[in-house]
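User: I am new to this structure and would like to learn how to read its features one at a time. Could you take me through them, giving the general idea before each case?

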Amino acid sequence: MQGLLIADEDLDSRKFMADLFIEAGYNVMVTNSAANVLYGILKKTAQVVLLSSEFDELTATDLIPLLKKCNRNLTIILVSNEMSLPLIRKLRKEGIFYHALKPVKPEDREEIRQAVKCAFETMRGN
């Protein structure tokens with residue numbers, strides 16, 4: 001099963017992305033809790049995580065290394081509005097798969113949909 005975990009503090013964003021990926025046939029879990037993210041990763045119910053840049057009072061910079069220690073094969077797609085290029089480079093070194101802009105309008109969703117599709121295809125290829 002293709003387990004996708006959406007970790008975002010913004011309720012509207014979580015709902016928007018959950019609806020998008022449920023419709024696409026993914027097994028979607030949503031959370032606004034870092035503890036639930038860790039649980040999903042440790043129980044291996046999530047293979048791909050859509051992670052917002054700030055989450056449960058932690059920044060992605062703090063959380064991504066921890067998530068990768070729990071599962072080094074985890075695919076993380078960082079979803080944020082704005083980030084500095086040096087920070088994105090640092091997070092890529094930490095092992096993020098992709099950095100996507102947060103979808104604001106319905107027409108913005110194609111980038112995130114393609115990133116998730118590519119993440120699962122890449123996993124199957126390994």
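User: Let me start with Ala100: is this residue buried or exposed?

Analyst: This is a predicted model, and every value I give is computed from it. A residue counts as buried when its relative accessible area is under 20%. Ala100 has a relative accessibility of 0%, and therefore counts as buried. As for its place in the fold, Ala100 belongs to strand S7, which covers residues 98-101. Between the C-alpha atoms of Ala100 and Leu67 there are 18 Å in space, while the two residues are 33 apart in sequence.

User: How far apart are Ile112 and Leu50, in sequence and in space?

Analyst: Ile112 and Leu50 are separated by 62 residues in sequence, and their C-alpha atoms are 9.1 Å apart. Ile112 is part of helix H5, and with a relative accessible area of 1% this residue is buried.

User: Now I would like to look at rings. How is a pair of aromatic rings described?

Analyst: Two quantities describe such a pair, namely the distance of the centres and the angle of the planes. Searching the whole structure gives two aromatic pairs. One of them joins Phe21 and Tyr26, with 5.8 Å from centre to centre and 70° between the planes, which makes the pair edge-to-face. Both Phe21 and Tyr26 are buried. Tyr26 also pairs with Phe120, this time in a stacked arrangement, with 5.1 Å between the centres and 25° between the planes.

User: Where in the fold do Tyr26 and Phe120 lie, and what does their pair tie together?

Analyst: Tyr26 sits in the loop between helix H1 (11-23) and strand S2 (27-31), whereas Phe120 sits in helix H5 (residues 109-125), so their pairing ties together parts that are 94 residues apart in sequence. Phe120 is buried, as is Tyr26. Taken together, Phe21, Tyr26 and Phe120 make up one aromatic cluster.

User: Let us turn to charged side chains. How many salt bridges are there, and what is the idea behind them?

Analyst: In general, side chains of opposite charge can pair when their charged atoms come close. The cut-off used here is a side-chain nitrogen of Lys or Arg within 4 Å of a carboxyl oxygen of Asp or Glu, and by this rule the count is three salt bridges. One of them is formed by the side chains of Asp8 and Lys102, at 3.3 Å from N to O.

User: Are Asp8 and Lys102 buried or exposed?

Analyst: Asp8 counts as buried at 3% relative accessibility, and Lys102 also counts as buried, at 19%.

User: Which side chain does Lys15 meet in a salt bridge?

Analyst: Lys15 meets the side chain of Asp19, with 3.0 Å from N to O. The two residues are four apart in helix H1, and therefore about one helical turn separates them. Lys15 counts as exposed at 51% relative accessibility, whereas Asp19, with a relative accessible area of 38%, is partly exposed.

User: What about Arg113, and which residue does it pair with?

Analyst: Arg113 forms a salt bridge with Glu110, and their closest N and O atoms are 3.3 Å apart. Both residues belong to helix H5, where they are three residues apart, or about one turn of the helix. Arg113 is partly exposed, with a relative accessible area of 28%, and Glu110 counts as partly exposed at 38%.

User: Which residues gather in a patch of negative charge on the surface?

Analyst: The patch consists of Glu9, Glu54, Asp56 and Glu57. Glu54, one of these residues, is found in strand S4 (residues 54-55), and with a relative accessible area of 56% Glu54 is exposed.

User: Finally, what is the value of phi in Lys44?

Analyst: Phi of Lys44 is near 60°, a positive value in a residue that is other than glycine. Lys44 lies in the loop between helix H2 (34-42) and strand S3 (48-52), and Lys44 is exposed, with a relative accessible area of 54%.

Conventions:
Residues numbered from 1 in each chain as written. Predicted model: local features only at pLDDT ≥ 70, side-chain atom pairs only at ≥ 80, totals over all residues. Heavy atoms only, no water. Phe/Tyr/Trp six-rings, centres within 6.5 Å; stacked < 30°, edge-to-face > 60°. Buried < 20%, exposed > 50% of the residue type's maximum accessible area, 1.4 Å probe, protein only. Patch = residues over 30% accessible without salt bridge, like charges linked within 9 Å, V, L, I, M, F, W, Y side chains within 5 Å. Areas by Shrake-Rupley, 256 points an atom, 1.4 Å probe, with all protein chains shown as cover. Lys, Arg positive; Asp, Glu negative; His and termini not counted. Charge placed at Lys NZ, Arg CZ, Asp CG, Glu CD.
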